[in-house]
Amino acid sequence: MTQTERPRIRLKPKANARGLRHGFPWVYANDIVADRRTRKIPAGALAVLEDDKRAPIALVAVNPASKIMCRVLDRDITAELSAEWFETRFRHALDMRERLFDAPYYRLIHAEADGFPGVIIDRFNDVCVIQPNAAWAEAHLELLTDALVKVTGVTTVLKNASGRTRGLEGLDDENQTLRGTTPNDPLPVPMNGATYMADLTGGQKTGLFYDQRPNHAFAARLVQPGASVLDVFSHVGGFGLAMLAGGAGQALSVDGSAAALELAKKGAEVSGLTDRFQARQGDASDVLTQLAKEGAQFDVVICDPPAFAPSRQALDAGLRAYERIARLAAPLVKPGGYLGLCSCSHAADLGRFRDASSRGIGRAGRQAQLIHTGFAGPDHPQLPQLAESGYLKAVFYRL
């Protein structure tokens, strides 16, 4: 469809057109004049967004079934989503990652912040895993995949359709192998001196969480030779393996998933750390309570739970959950030891999360120094106008 044939979508007079012109990437359905013609635009189609006076603002992707009805794709309303359009954006993203990382293991595309609204792409050497969590990306998936392969040279591209957002966009949950051959086994991923095992087809999300890499590195700096560490919500070994590689004497990884702990054990084995690694499966709160009854204490304790506050509606309950985890974890830290607490809830901003964590430590009867605040690594860039792109927070205390 040519630029002149594209449908026009108009903002209501009270909508924040200035914010959109200054970089905000989303248009909510209740900010749009939703006439019958607008509601009939196919999900994933392109349109020109206009202010209430019909002055053009941007080229947008439309999904009438989503609360985020429009996602800004380009400030040039004449832009075409051609092979060149995709390749240019992939090269721009790849250039920064190649400057920052000495091996091709990173998040290549971080959605809006990399100019691909709703799209996540993680790279594992010659394999990429795509989460196309917006209708426009699903509609252009073939073109997107071709450009990805051309720019990066990867040989295998997997589609992960498990994201919660896909359901909100009215998309399916069918995983696919888009290029190459589906990996039969978990892939080894080197980070911070350890090796992690990523299950790209059966694991959580894309198989590994790259966002915590700098926080793993900071935690590893806290351990003295022979230190004991506890890694709660460890997934495939995250903080525990990094701290063992940093010189810790013993690490106990706790997770509710037996499959994740098996991958953590395999990572410890591949890293040559098996003799210092232990795992315990169970609910985190139950295990923390049991460890306290056993009188266990550790030099470093890290808790990295899933998103307790995935939405504004869940914020109050989520903050209470973060406070409870801090209260249960704090007694397990030796005097003079360190406690790291993490949140991946974009609805809980840093201030609220830090306050909940500090309250929990205080309720446990411990005094604390806040020594470091960490965020996601630079392969997870933030779009300054979109708070949700800066979802990860990590606070480290000395007790």
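The model is predicted, with local features needing pLDDT of at least 70, side-chain atom pairs counting only at pLDDT 80 or more, and totals for chains, interfaces and linings using all residues. Residues are numbered from 1 along each chain as its sequence is written, and side-chain values use heavy atoms, leaving out hydrogens and water.

**Exercise 1.** Find which residues of helix H11 are buried, and name the elements that they pack against.

*Solution.* Start with the extent: H11 covers residues 315–329. Helices are DSSP runs of H or I with at least four residues, strands are runs of E with at least two, and both are numbered from the N terminus. Next, apply the cut-off for buried, under 20% relative accessible area with a 1.4 Å probe and protein chains only. Leu 315, Gly 318, Leu 319, Tyr 322, Glu 323, Ile 325, Ala 326, Leu 328 and Ala 329 pass. An α-helix has 3.6 residues a turn, so residues three or four places apart point the same way. Finally, look for partners with contact, meaning heavy atoms within 4.5 Å: the buried residues pack against helices H10 and H12 and strands S16 and S17.

**Exercise 2.** Work out which strand gives the most to the lining of the second largest pocket.

*Solution.* Then compare elements: strand S5 (residues 68–74) leads with three residues.

Notes. The expected span of a helix is 1.5 Å times one less than its number of residues. Buried means under 20% relative accessible area, exposed over 50%, partly exposed in between (1.4 Å probe, protein chains only).
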